[in-house]
Amino acid sequence: MNLTLESIAAAAAGGLFAAAVGALAAFVLCGLMILVGIAAVIGAGNPWFLEHVALGEWFGPHIAFAGAIAAVAYAARRGKAGSGRDIVSGMVGTADPVTLAVGAGFGVFGLVAQSALNQSDWMLTYTNTTAITVVVSAVVVRLVFGRTGLFGTTDVTGLRARLRTTEQAVWLKWQETPMMSGLLGLGVGFLASWSAVALVKTDPALGVAAGVLAFGVSALSLVFLATPVAVPVTHHITAVAAAAGLAFSSVWIGALAGLVTALVGELASRLFLIHGDTHIDPPAVAIAVMTPIALTTAAVLT
C-alpha cells in the first residue's frame with residue numbers, strides 16, 4: 001500500500017471510529033465487510049472494497065481493532081474505563097476526546113507499521129503482516145498504558161503455575177482444555193481449508209478471497225460474544241488453516257494446521273493475556289506465529 005495523506009487520514013478515522021464503538025464491534029464489522037468484499041470480487045472482479053474497507057483503513061484489524069484496544073487501555077489508565085482488557089465497550093461512552101484520539105493515533109500506527117512490513121517481499125509472501133502489526137501494537141499499548149508488564153503479574157511462581165487458569169484468570173472457559181481447543185481447531189480448520197481450496201479450484205484468481213472467506217465468517221460469528229451465549233473464537237484457526245490448505249493444496253494439512261493453531265492461541269492467552277491489564281490478542285499471536293511456519297514449510301516441501 002502506498003501511503004498518502006488521504007490513506008493516513010482514513011486510518012486515523014478508522015481507528016477513531018473503532019475506539020468509539022469498541023474493539024469487538026469493529027472486528028465483527030470487519031467480518032461482515034470481508035464477506036461483502038468477497039462478493040464484490042466474485043461478482044465484479046473488483047478488490048478495492050475488500051482491500052480498503054474490510055481489511056484496510058475502515059476495518060482492517062491492524063487499524064480498527066488495534067486502535068480500539070489502545071483506546072480502552074488508555075481510558076483504563078486514566079480511570080475512565082473499568083478494565084484495559086474490555087473489548088466490548090465503546091469508548092464513546094467516556095465522552096473523552098483524548099481517548100478517541102488515542103484510537104486514531106494507533107490506527108495510523110497500524111497502517112504505517114503494516115506498510116513498512118510489506119516492503120519486505122519475504123514478509124509479504126510468508127507472514128501475515130496484519131496479525132504481526134496487531135501484536136506489535138498491543139505490546140506497545142501494554143508497555144505504555146499497562147502496569148503489569150508484558151507477561152502480566154500474578155501471585156503464583158513458576159511457568160507451569162502461571163499457565164494454569166483460574167475462574168478469574170482465563171480467556172475462554174469453554175475452550176480452554178486441549179481437547180476442546182484441538183477439536184475446534186481440527187473441525188473448523190477443516191471447513192476453512194476445504195472452502196479455500198475448493199474456491200480456488202473454481203477460479204484461481206480468487207486466491208485472496210478464498211484465503212479470508214472463513215476468517216470473515218469467524219469474525220462475524222463473534223457478534224454473539226458480548227451476550228451470555230458461549231461462542232467459540234476461531235478466526236486464528238480459520239486464517240491459518242486456509243493459508244496452509246492453499247499453500248499445500250491439501251485440505252487435510254490445512255485442518256492439521258488449524259488444530260495446532262488452536263493450541264497455540266490458548267497458550268498465547270496464558271502467556272500474555274490472562275495475567276495482564278491490557279488486551280494482547282491470543283488469536284493474533286497465534287496467526288503471527290503459525291502463518292510463517294505453515295507457509296515456509298510449504299515452500300520447502302512442495
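Trainee: Hi! Before I dig in, what kind of model is this?

Mentor: Hello! This is a predicted model.

Trainee: Okay, let's talk helices. How are two packed helices described?

Mentor: By the angle between their axes and the distance between the axes.

Trainee: Then what are the angle and the axis distance for H9 and H11?

Mentor: H9 covers residues 178-202 and H11 covers residues 235-248; they pack at about 45 degrees, and their axes are 8 Å apart. That angle makes H9 oblique to H11.

Trainee: Is that crossing left-handed or right-handed?

Mentor: Right-handed, as H9 passes H11.

Trainee: And which residues of H9 and H11 meet there?

Mentor: From H9 you have Leu 184, Gly 185, Val 188, Gly 189, Ala 192, Ser 193, Ala 196, Val 197 and Val 200. They meet Ile 237, Thr 238, Ala 241, Ala 242, Gly 245 and Leu 246 in H11. Sorted by class, the contact of H9 with H11 has ten nonpolar, five polar and no charged residues.

Trainee: Nice. H11 also packs with H12, so what does the geometry look like there?

Mentor: H12 spans residues 251-273, and H11 packs with H12 at about 150 degrees, with 7 Å between the axes. This makes H11 roughly antiparallel to H12. The crossing of H11 and H12 is right-handed.

Trainee: Who makes that contact between H11 and H12?

Mentor: On the H11 side it is His 236, Ile 237, Val 240, Ala 241, Ala 244, Gly 245 and Phe 248. On the H12 side it is Ile 253, Gly 254, Ala 257, Gly 258, Thr 261, Ala 262 and Gly 265. For H11 with H12, the classes come to eight nonpolar, six polar and no charged residues.

Trainee: What sits in the loop between H11 and H12?

Mentor: Ser 249 is in that loop, and its phi is positive, near 50 degrees, though the residue is not a glycine. Ser 249 counts as exposed because its relative accessibility is 61%.

Trainee: Got it. What about Ala 95, what is its phi?

Mentor: Ala 95 is not a glycine, yet it has a positive phi of about 55 degrees. Ala 95 belongs to the loop between H4 (64-77) and H5. With 68% relative accessibility, Ala 95 counts as exposed.

Trainee: Moving on to H5, how does H5 pack with H7?

Mentor: H5 (residues 97-117) and H7 (residues 129-145) pack at about 135 degrees, with their axes 9 Å apart. The two helices are therefore oblique to each other. H5 passes H7 in a right-handed crossing.

Trainee: Which residues take part in that one?

Mentor: H5 brings Val 102, Phe 106, Phe 109, Gly 110, Ala 113, Gln 114 and Leu 117. H7 brings Thr 129, Thr 130, Ile 132, Thr 133, Val 136, Ser 137, Val 140, Val 141 and Phe 145. In the contact of H5 with H7, ten residues are nonpolar, six are polar and none is charged.

Trainee: Let's zoom in on Thr 129. Is it buried or exposed?

Mentor: Buried, because Thr 129 has 7% relative accessibility. The side chains of Thr 129 and Gln 114 make a polar contact at 3.4 Å. Leaving out residues up to four places away in sequence, Thr 129 touches Gln 114, Leu 117, Asn 118 and Met 123.

Trainee: And Ser 7, where is that?

Mentor: Ser 7 is in H1, which runs over residues 5-21, and at 8% relative accessibility Ser 7 counts as buried. Its side chain reaches the backbone nitrogen of Thr 4 at 2.8 Å. Not counting residues up to four places away in sequence, Ser 7 touches Asn 2, Glu 57 and Leu 111.

Trainee: Last topic: what does Val 264 contact?

Mentor: Val 264 is in H12. Setting aside neighbours within four places in sequence, Val 264 is in contact with Ala 286 and Met 290.

Trainee: And Leu 301, is it buried or exposed?

Mentor: Leu 301 is exposed, with a relative accessible area of 62%. Leu 301 is in H13, residues 282-301. From C-alpha to C-alpha, Leu 301 and Phe 248 are 8.6 Å apart in space, while 53 residues separate them in sequence.

Key:
Residues numbered from 1 in each chain as written. Predicted model: local features only at pLDDT ≥ 70, side-chain atom pairs only at ≥ 80, totals over all residues. Heavy atoms only, no water. Axes fitted to C-alpha atoms, helices over the stretch in contact; angles between N-to-C directions. Helix = DSSP H or I, 4+ residues; strand = E, 2+ residues; numbered from the N terminus. Parallel < 35°, antiparallel > 145°, perpendicular 65-115°, else oblique. Left-handed = near helix turned anticlockwise from the far one by under 90°. Contact = heavy atoms within 4.5 Å. Nonpolar A, V, L, I, M, F, W, Y, C, P; charged D, E, K, R; others polar. Buried < 20%, exposed > 50% of the residue type's maximum accessible area, 1.4 Å probe, protein only. Polar contact = N/O pair within 3.5 Å; in protein donor to acceptor, adjacent residues only side chain to side chain.
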